[in-house]
Amino acid sequence: MKKLKFAHYINQFYGQIGGEDKGDQPPVVHEKAVGPGSGLEKLFGEEGEIIATVICGDTYFAENPEKAAEEITDILKKYDFDCFIAGPAFNAGRYGMACGAICRAVQERLGAPAVASMYTENPGAEIYAKDIYVLETGKSAAAMKDALPAIAEFALKLARGVEIGFPEDEGYIPQGRRVNVFADKTGAVRGVDMLLSKLKGESFTTELPMPVFDRVTPAPAVKNLARAKIALVTSGGVVPRGNPDRIEAANATKYGKYSIEGIDDLVTDEYITVHGGYDPVYVLEDPDRVLPVDVMRLLEKEGVIGKLFEYFYSTVGNTTAVSSAKRFGEEIGRDLLANGVDGAILTST
Amino acid sequence: MQLEVGKVMVRDIRFADRTRMESGVLHIDKNELVKYLKEDASIKDVDIDIARPGESVRIIPVKDIIQPRIKVKGCGQVFPGFISDVDTVGEGVTHVLEGCAVVTCGKIVNFQEGIIDMSGPGAKYNSFSALNNVVLLIEPVSGLTKHAHEAAVRLAGLKASYYLGKAAQNVQPDEKETFTYNTLTEAARLYPDLPRVVYVYMIQSQGLMHDNYIYGLDAKGILPTLISPTEVIDGAIVSGNCAAPCHKNTTFHHLNNPVIMDLLRRHGRELCFAGVIITNESTMLSYKKRAAHFTQKLARLIEAEGVIVTEEGGGNPETDLMLNCKLLEKSDIKTVLITDEYAGRDGRSQGLADVTAEADAVITNGNGNELITLPPMERTIGVLESVEIITGGFSGSLHPDGSITVELASIMGSLCELGYERLTTRLK
C-alpha cells in the first residue's frame, strides 16, 4: 500500500526556532517531520509520512492572519499531500487560532482534508470547529503523549477518505450539523427508557439539546407614522395566482416581491396561498386575511400612515430553515431601506 | 378495562368473488367494496389497487392510512363516532388484520399528502412499505369544497377498514395479546412501589388537513381529558390530518400508538401506567395556555410522577410542547418529550420553533429537511406529478426518468413523533 503523505503546521516553539522572542518568524518550510511531527510519523509507521512541515511564528500570523494564511497555502501548493495537520496547540490561544485559520484555508483553497488539534477551550476551537475538524486535546504540552496517537489515527482516516463518525467516538469537537441515523430501538421505546432513567435519578443524554436563538435588537419606533412609508411582508405564503416564482409549500428557498400598485384589495383567485402548514380555505376566500392590503389602504386614505409601499414580499415559513429565514430578512431589509421604507408589518400564520 | 387484541396475519391480498380471509390471504370483492364506498354522494368514483411489500410501486398523494379491525366482543364498534355510535370502546375482544393497511389516495386535497415507496431506498423510511396495502383512489364529485373532499376521503378510509376488518370476525387469530388498564385506585393498590407514569398525547387541531377526531368530536374544541389506552386501540382517535406527511399521526399510528403499547407492556413490571391525557394544539396562544394548565392539573390529580409527551406536527405546536413541559416540571413531574426537528438541509439550523430550559430529556425522530433522491418505480398508484407541490417537494422534484428528489418531510410517517420508527438525529 502506498504511503500516505501529510503536511504539518507548527509554531516557532514546536518548530525548535525559539520562544516568545521568535514569534515574528515568517513561514518557512522543511521537507520532513519536525518536532511533534516526528512523533506523528513514528505512529504512522509504514502507512504515512510527513513530506512538508510549515513553521510560522504566532505573532507573525496573528498580526496579519489573511496574508499569512495566503503565504502558507502558496507554500503548500507545491506539495502533493493527502491530509493536512495543524498543532497540537493545547491551550495556546494565538497558536490555536492560527491552526484553525490555516486548516480552513487549506480546505477552501487547496481542497485538501485538514485537522487541527487543541484544548476545547482554546479560542481557536470555538471559532473554527464548525468549519474544520478540531480534535480535542488536554490543556498543556504534558498531554502530548495522549494527543499524538489520536491525531495520527484521525489523520490516517481522513487521508484514506474513510467516513468520519460521530464526535463522541472520533474525538473531535461537534461541528453543529444534525445528521439523521437509524437507532436500534424505536423513538417510543427510547422515550420510555429515558423516562425510567430520569425517574431513577440515573444519568441520561438528551437526543435534542435545546437550540439557542440570538436576540435581535428592535429598531427604534417609527417617529411620525403619518409621514411614514410602511411595507407588508409575510411568511404566510400569499402569492399571485399561479405561484410564478414557484415558492415551495415548505422549507422555502426563496421569497417573492410583488407589486400592489393601484390595488386596494386582494381578491380571491387573483392571489392564493402556497403555505402547506395551515388551513388555506379562509385565506383563499379572501387573501387580505393574511396580507391585509385592504386595511392598509384604508389607513393610507385616512392619513394614519403616510404611504403603503407598492411592493409586498412573501415567503413560506413552514419548516423553513432559520438560516434561510435570516438571509431573506437581511435581503428584504436592505431592499426596504433602499426604497425609503420606514417600517414593515410582518404577518405570519 | 381489559382488551384482548387478536391478530389475524395477512400475507397477501387478492381480488376475489367474496371478501374473506383464507389461509392468510385477504380476498376482496372489489365491486362490493366500491359499491359500499359510493353510497356517499360526494364520491364520484373509486378505484382500488393493491401494493405489496417489495413491489416497485410508489403511492402518492397519500392522505391517511388505517388498519382494518373489528370488535367481536364488548361494547361499541371500531371508529366510534364514524362507523358506529359513540358507546365507549376499549373492552372485550378486537380482531385486527395484521400486516395490512388501507391507504387513501387519489386527487390531492391540498399540499399535505405524502409518499409511500414499497421498495428501494425510500422503503426504509416507514413501516408501511412492509404492509400489504389496499389503496383507495377516490375521485370526488366536481365542485366539492376542500373540507367536504377531505371528509369524504376520511370516511371512505374508515368504512373500507371496517368492511375489510369484518373478514377477520370469525377467524381464529394467529396471535393474541391482552392489555389491561387499571383504575386509579386498583393501580395504586397493585403497584405501590412502581413509578407512576402518565402519557400526555398531543393531538393536532388546526383546521383543514390539520384536524383529529375523538369519538367523532373535532379535537379543536376539547379541554384536556382522560382516555383509556385501550379506547385508542379501538379507534377512538381518528386522523383528519395530513400536515407534513412525515409527522402526521395517521389513524394507523393512533391505533398502534407505540408509546401506549410500550407503557401497556411495561405496566406492572417497570412502571405503573397511570393514564393517558389527551390534549390538543390550538392556533391561539390563550387556548394553548389553557390546555397546558389543564393538563398540568390533571397530571397532578392522577398523581403522575413521570410523563411522556408526544407532539404532533411542528412550528407553533412547539409552544404547546414547551408549555406542557414547563408546567409539568414545575409540579415536580419528570418529563420526556418526543418530537422531531427541522434543522435545514445542512443540519445547522435551530430545529425547534420554541424552547424551554426544563426540556432536558428529549427524543428526536429525525430532521425532516434532509434531502433524498429516490429511484423511479415501475408503477405509480396515484398522481406522481403532485410530488412537486407537496410539503417537502419543490419545482424540479420530479426528474424526467421518474426519480424524485424530496425532503424526508414528504415520506409518510418517516418522522412520526409518536416514536413509531427508528430514525433519529445525532450531532456531527
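User: Between which two strands of chain A is the loop that holds Asn243(A)?

Analyst: A word on the ground rules: this is a predicted model, where local features need pLDDT of at least 70, side-chain atom pairs count only at pLDDT 80 or more, and totals for chains, interfaces and linings use all residues. Residues are numbered from 1 along each chain as its sequence is written, chains are lettered from A and ligands numbered from 1 in the order in which they are written, and side-chain values use heavy atoms, without hydrogens and water. Asn243(A) is not a glycine, yet its phi is positive, about 50°. Helices (H or I, at least four residues) and strands (E, at least two) are DSSP runs numbered from the N terminus, and the loop with Asn243(A) lies between strand E9 (238–240) and strand E10 (256–259).

User: Where in chain B is Pro61(B)?

Analyst: The peptide bond from Ile60(B) to Pro61(B) is cis, with omega near 0°. As for its place, Pro61(B) belongs to strand E6 (residues 57–62) of chain B.

User: And in which part of chain A is Pro88(A)?

Analyst: Here, too, there is a cis peptide bond, joining Gly87(A) and Pro88(A), with omega about 10°. The site of Pro88(A) is the loop between strand E4 (83–86) and helix H4 (93–110).

User: What distance separates the centres of domain 1 and domain 2 of chain A?

Analyst: The bounds come from an automatic or database domain assignment, which gives domain 1 (4–170) and domain 2 (225–347) in chain A. Taken over C-alpha atoms, their centres are separated by 50 Å.

User: How much area do chain B and chain A bury between them?

Analyst: Counting contact as heavy atoms within 4.5 Å, 76 residues from chain B and 64 residues from chain A take part. In chain B, Arg422(B), Arg426(B) and Lys428(B) lose the most area to chain A, together 17% of what that side buries. Buried area is the accessible area (1.4 Å probe) that two parts lose on being put together, summed over both. Of the total, 60% is on carbon and sulfur atoms, and that total is about 5,800 Å².

User: Which residue of chain A forms a salt bridge with Glu329(B)?

Analyst: A salt bridge puts a side-chain nitrogen of Lys or Arg within 4 Å of a carboxyl oxygen of Asp or Glu. Chain B and chain A have seven salt bridges between them. In the one made by Glu329(B), the closest N and O atoms are 2.9 Å apart, and the partner is Lys198(A).
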